[in-house]
Amino acid sequence: MTPQSPNNGPVLRDHTYDGIQEYDQKLPNWWLFTWYITMVWFVIAWVAYYQLNLGESGEEQVDKALANIKAIQLKELEKLTDDKLWEMSKEEKIVSAGAATFATTCVACHAPDLSAHINGVKLPGQPLNDTEWKHGGNPLQLLNIVRKGAPDVTKGMPAWEPQLGLNRVVEVVAFVLSKHKKGEPITLSADSPLKPGAAPAAPAPSPAPAPPAGK
Amino acid sequence: MTTNASKITIEFDDRTVRRFMLASIIWGIVGMLAGVFIASQLNFHQLNLTSWLSFGRLRPLHTNAVIFAFVGNMMFAGVYYSTQRLCKARMASDLLSNIHFWGWQLIIIAAAITLPLGLTRGQEYAELIWPINIAVALIWVVFAVNFFWTLAKRNEPSLYVALWFYIATIITIAMLYIVNHLSIPTSWTHSYTIFAGVQNGLVQWWYGHNAVAFFLTTPILGIMYYFLPKAAERPVYSYRLSIVHFWSLVFIYIWAGPHHLLNTALPKWLQMLGTFFSLMLWAPSWGGMLNGLLTLRGAWDKLRTDPVVKFLIAAVTFYGMSTFEGPLLSIRAVNALSHYSDWTIGHVHAGAMGWNGFMAAGMFYWLTPRLYGTKLHSTSWANFHFWIGTIGILVYVGSMWVSGIMQGLMLNATTPDGLSLVYPNFIDTLTSIRAMMGFRIIGGSLYLVGMILMGVNIWLTIRKGSPVNETREVAVIERTQRDTMSLKDTFLNDPIACMFAGLLLVLAWLFLPPGADIAALVCAGIFAVLAVKRFQTGHNRWSAWYESLLHNWIPFTVLTFVAVALGGLIQIIPTVMVNRATNVEDRVQQPYTPLELAGRDIYISEGCYNCHSQMIRTMLPDVLRYGDYSRLGESIYDHPFQWGSKRTGPDLAREGGKYPHSWHYDHMKDPRSISVGSNMPPYEHLFSEKFDQKTLWKKIAVMTQLGVPYPAMTDTEVKTKAVEQGIQIVKDLEGQGRSGALPDTKIVALIAYLQKLGKYDVPDLEEKLKKTPEGIPFPLKPGIPDGYRTSAVTK
C-alpha cells in the first residue's frame, strides 16, 4: 500500500485529499514512552491504592487529624479554669491577638464596641459590654459558647472552634473578659436557656450521634 | 481509480459558511464582552446593577455564549467548508443547512433572553431550560443528517482525518447532551433533572468534561487537520499518528470526567479512574499537537510572514499547554489545591482563548479572502490582533495561576501544630487575590480588543469583495468504490478482536473480586504481548483493514460510537443502578419542605452555584473551615445536585443553622454590612418579589415521581405549609429585630433553604440492610461504594 520512501526520508502517502497530503512517519519514541509510562502508572496505582488498599484514604487522614486535634484540645482545656482565663485577660499579647480575631470574625454581629449595635441598629449578636448574659457570664461558660455555639444556632451564636481553632477562641474570650472585671455582678437575660424553668433547649452541649467534626 | 468516471461541476454551498463565520464573530464579541463585564463584577460589586445583570445570572450567559455561540458557529463554518471539499460534494441539503443556521441562532437568542431572567436548570454549561434543550437536540439532528447525508453522497472514496473528528463530535455531543438533559418539566420554563446527588454529579461532569472534549477539542482538531496543512502548504506530519491519537483520544477522554469531583464524596474507584485516565490522556492530546506543529516542518518561515499560520501555530501551542495542565490538575494532590480556585478558570481560558479563539481567528483570516474573492483588508491589523491577543491570554492566564495558587495555599494552610487554620476568614483570601482579579480584567479586555479588530478587518474585507461560491469539476465515483463493507468485515478482524478482548480483560481486572482481578491483570499483560506479536507479523493486514474502513462511513461511525460510549456506560451504570439505600454512607438528607424547595429554586435561579459549592471535601482544611466532610446520602434528593465547581465565596454544604436568620437577612440585603470586603452581589429584589406558590405543588409532585419521599399533599396543603413556615421565620426575624419581612417573599424562602443545608437523618442500619439485596442489578464490586467508607454497614 505505502510506497517505499526514497533515501529513508519520510514516506509520503499516495492519496491526496483536496490537495492535502500526508506523511506516514513513525510515532516519536519519547511520545510513545510518556504514554506507556502513564499506562504503567495506572496499573501500579490501581493495584496499590485500590486493590491492596495501601496508604490512607482522605477520610482516614481527616478522621485521624481530627482525633489528634481533639486529644490535644482536651489537654489544653483541662488546664483552663475561670481564674486562668481572668489571668489571660490581663496579658496584653493574648488580648491583642484576641482583639484582632474579634475585629475580623465577631464584629459583624457584636459590633466593634461589643454593644451589638451600630448607629442604633441592633445587630444579630448579643451585647458583650454589659453584665447581662444569655448563656452565662463565667469565663468557662463564655469559652463554651464561643467553642460550641448556641444550642439553637438559627437563633444565636455559631460554633467557632472548628474554624478558628481552640487557641484563637481562648484569645477572643480573653479579649472579651478584658472589657470586664472579675467579680462584677452577672445576671441572666430574660430569654436565657440557663434560667430555671426555661424550656430545655437541645440536649447541650454535644448533640446526638457524634460525627467526627462540625459538632 | 478514475476509469470511466463521469465528471460533473458542482458549486459548493459557501453562503452557509459565510453566515456561520459572521455569526461566530458577532456572538464571540458579545460573549467576550459579557466575560469582561462579569470579571469586572468580581472586583467591583457595584456593577451588579439589577437582578438580571448580576454575576450569578450573567456568568452562564458568558460561558454558553462563548462555547455554543462563538465556538459553535465557528465549528459549523469550518465543518461546512472543509466537509464539502473533502467529500467533493455540495452539502446534501440547502434546506437543512438553512434550518441548521437559523435554528442555532434562534437558540442563542433564546438563551440570551432566558438566562438573565434567571430561567435555568442549574447545571454548568447545561443551564438552558428544557424547551431550548429540545430545540438544541433537534437542530443537532438536522446538522447530523445534513453531514452524514453529504458523506453518503461523497465523490471521494476515503475519509480524511478531519472527517473522523467531525464524526466523533456529532455522535458524541448528541449522546452527552441528551443524557445530561433528561429532566421532568414542572412548567414551561422549569424542570428537575432525573438524576440527583452523586449520580447527577457523575453524569454532569461526564457531560461537562466531554463538552470540552467533543465540542471544544475534536471539531477544532478536525479543523486544524484541514486548515493547517492548507495554510502551511505542507503535508500532514504523520498519518499513523493521526490514527493512534484519534482513537485513543476519543476512547480515553470519556473516562476522565470524574476528575472534576476529586476528594469529594464520589466513590473512590471513580475518582481513581478519573485521575488515571486523565494522565493517560496527556499523550493522545499531544499527538494532535505534534501532528499540527510538525506539519510546519520545512515551512517555519511562514510563521514570520503569514498571520494565519501564526494564529494556527499559537493555537496548537496553547492546546499543548492546556492539555498538559489538564492531567496535572487531575492529580489528587494538585487538585486539592487548585480545585474551586482561579487556577481552573485560567486553565479553561488558556484553552478557550488560546486554542479555540486563535484557531477561529486563523481560520477566519484564511477563509475571508477566499469566500469574498479579494485580499484581506489589512495584514498588519491581523498581526496586531495576534500580538494583543497573545499578550491578553498571557496576562489572563498568568494572573489566574497566581491567584488560584495563592488562594488555594491560603485556604489550605494550617498552623505548624496542625491544630487550626492560618486564615480562618475566607474574606482574607479573597482580599489577597483582588489585584490578580484586576489583571484578569486587563487581559480579557486586551483579547476583546483583538477580537473587535478582527471583526472590523473582516468587515472591511467583505465590503471590498463580493461573495464567491467556489465551483469545481469533480469525478463522480462509482458506488462500488465506497461504503461496501459488511458488518462482518467491520467487527470480525484482528484489530477489533484484539481491542475488545484486551478491554474485556482490563475491565475484568478493574471489577472482579480480589484474586480474580489480579489473574485478569496477568492475562491482560500476556494478551498484550501476544497482540503486539500478531500486529508485528500482520501489520499489513491491519493497515489494509483500516484503509478499507476509511472507505466506509457507517462502519467507521459505528466503531467511533462504541469507543465513546464505553467509558460513560462503565462509570455511570453501576452508579445509577445501585440501590440508593446502600449508597448513602449512613446519612440520609432530610427532604426539603415546600418553602425550602421554593428557596432552593431561587438559589438555583440566582446562579448561587456559580460561586458557592456544597461539597466539603475529605481534606482537613475543608473540614475545619466548613464542617464534617460531605457524605453521598446528604445530596440524595438534590435534583439537580449543587456540589459546585468554584468557590468565589465559601462552601455552603453545612450552612444550615450556622448563623441566625437575621444574619442571612442582613447579608442578602447588603453582604458588606456583614462581611467587610465581600464581593457578593446584593439581592435587594428578593425582599419584595414573591416566591412561586403556583407551581409548588407540581414541583413536589415531580419530586415524588423522582423518588423523594414526600407525604401526599394537596395544592392547598402545600401552600399552607409553605406560608406557615414563612410566618415562623418572619416571627423569628422579628424576635431578632428585623421587622417588615413578609412570609411569602423570596428572601424568606431562601433563608428557609439556607437554614436547611446540611440537615440529615441517620437511617436505621438494620432497616437498611434488610432493604438492600433485592437484586442489586450489578454483581460488581463498585456496585457498592468503596468498602472502607461503608464498613459500618457491612460489618
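I call a residue buried if 20 or more other C-beta atoms lie within 10 Å of its own, exposed if 12 or fewer, and partly exposed in between, with C-beta atoms placed from the backbone. By that rule, 55% of the 795 residues of chain B count as buried.

This is a predicted model, and I kept local features only at pLDDT of at least 70 and side-chain atom pairs only at 80 or more, while totals for chains, interfaces and linings use all residues. Residues are numbered from 1 along each chain as written, and chains are lettered from A, with ligands numbered from 1, in the order written.

**Chain B overall.** I found 29 helices and 6 strands in chain B. These are DSSP runs (helices H or I, at least four residues; strands E, at least two), numbered from the N terminus.

**Helix H7(B).** I checked residues 218-232. In H7(B), 14 of 15 residues are buried. Glu233(B) follows the helix, with a positive phi near 55°.

**Where A meets B.** I counted 59 residues of chain A in contact with 64 of chain B (C-beta atoms, placed from the backbone, within 7 Å). H1(A) gives the largest share of the chain A side, 12 residues.

Technical notes:
Contact = placed C-beta atoms within 7 Å.
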